[in-house]
Amino acid sequence: MIVLKPTTAGAKASRAWKITAAAVLGFAVLAPFYSTLPAQEKSRSVWDGVYTEEQARRGQTLYNQQCSTCHGDTLAGGEMAPPLAGGEFLANWNGLTLGDLFERIRTTMPLNKPGMLSRQTNADILAYMLDVNKFPDGKTELPRETEVLKQIKIEATKPEHF
Ligand code: HEC
């Protein structure tokens with residue numbers, strides 16, 4: 001068998017090709033990553049300080065008027081109603097969004113008169129629920145638009161980057 005020794009020019013050309021290939025490959029691998037960055041910035045989680053302390057205080061008053069008879073003063077649940085704080089509750093909602101939880105409350109609660117509370121009242125109560133579940137408060141109030149709330153993910157445990 002004859003093994004052809006590559007000429008200097010051939011070796012150079014082959015190196016140039018390898019570099020180009022590596023660059024193209026590298027771009028192909030990284031491009032989808034870069035293109036998803038803006039989207040990731042837009043979607044937030046309950047760990048990003050998505051409600052204010054004052055809103056939670058308003059929500060506490062409303063909760064005590066509208067929800068506590070069934071779900072308990074400390075959100076631990078009652079004879080019939082499930083808890084709205086703690087591990088079991090968070091396990092139910094982990095991976096879903098605040099929009100999902102908001103709609104569940106807005107359309108089915110209070111159980112004895114569903115759908116009668118305003119969006120603002122529901123948003124304030126939700127802020128209080130986040131507070132009791134030990135998610136951090138922040139500088140802006142929780143919005144009352146379902147579409148915006150759907151961009152905030154419920155994550156039961158604190159993600160790595162915090
Ligand atoms: C009359 C009693 C009663 C009142 C008042 C009430 N709830 Fe409920 N709630 C229940 C019961 C019972 C369930 C479970 C059965 C069901 O889902 O319909 C429930 C379920 C829920 C769930 C689902 C929990 C889960 O993990 O799946 C949420 C969230 C909730 N309630 C929030 C609220 C909020 C917020 C209020 C006040 C605005 C409220 N409830 C008022 C009785 C009540």
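**Entry 1. Conventions**

Helices (H or I, at least four residues) and strands (E, at least two) are taken as DSSP runs and numbered from the N terminus. I note that this is a predicted model, in which local features need pLDDT of at least 70, side-chain atom pairs count only at pLDDT 80 or more, and totals for chains, interfaces and linings use all residues. Residues are numbered from 1 along each chain as its sequence is written.

**Entry 2. Helix H6**

I then turned to helix H6 itself, which covers residues 119-132. The expected span of a helix is 1.5 Å times one less than its number of residues. The 14 residues of H6 should therefore span 20 Å, and the end C-alpha atoms are 20 Å apart, which agrees.

I next asked how many of the 14 residues of H6 are buried. A residue counts as buried if 20 or more other C-beta atoms lie within 10 Å of its own, as exposed if 12 or fewer do, and as partly exposed in between, with C-beta atoms placed from the backbone. Ten of the 14 are buried, and H6 is mostly covered. Among them are Asn122, Asp124, Tyr128 and Asp131. The buried residues of H6 pack against helix H2 (53-66) and helix H5 (98-108).

**Entry 3. The largest nonpolar core**

A nonpolar core is a set of buried Ala, Val, Leu, Ile, Met, Phe, Trp, Tyr and Cys residues joined through C-beta atoms within 7 Å. I recorded 28 residues in the largest one, where Val46, Leu98, Ile125, Leu126, Ala127, Met129 and Leu130 touch the most other members. H2, H5 and H6 each supply at least two residues of this core. H6 gives the most to this core, with seven residues.

Leaving aside neighbours within four places in sequence, Leu130 is in contact with Val46, Tyr51 and Phe135.

**Entry 4. Around the ligand**

Which residues come nearest to the ligand? A residue is near a molecule or strand if its C-beta atom, placed from the backbone, lies within 6 Å of it. Of the 20 residues around the ligand, Cys67, Cys70, Met109, Pro110 and Leu111 come nearest. Helix H3 (68-71), helix H4 (87-93) and H5 are the elements that give two or more residues to this shell.

By class, I recorded 13 nonpolar, six polar and one charged residues in the shell. Here Ala, Val, Leu, Ile, Met, Phe, Trp, Tyr, Cys and Pro count as nonpolar, Asp, Glu, Lys and Arg as charged, and the others, Gly among them, as polar.

A cis peptide bond joins Met109 and Pro110, with omega about -10°.

**Entry 5. Positive phi values**

Leu75, a residue other than glycine, has a positive phi near 65°. Leu75 is placed in the loop between H3 and H4. I found Leu75 buried, because 20 other C-beta atoms lie within 10 Å.

Lys134 is placed in the loop between H6 and helix H7 (146-149). I found Lys134 exposed, because 11 other C-beta atoms lie within 10 Å.

**Entry 6. Gly99**

Gly99 lies in helix H5. With 19 other C-beta atoms within 10 Å, Gly99 is partly exposed. The C-alpha atoms of Gly99 and Val148 are separated by 7.4 Å, and the two residues are 49 residues apart along the chain. Neighbours within four places in sequence aside, I listed Thr146, Leu149 and Lys150 in contact with Gly99.

Methods:
Contact = placed C-beta atoms within 7 Å.
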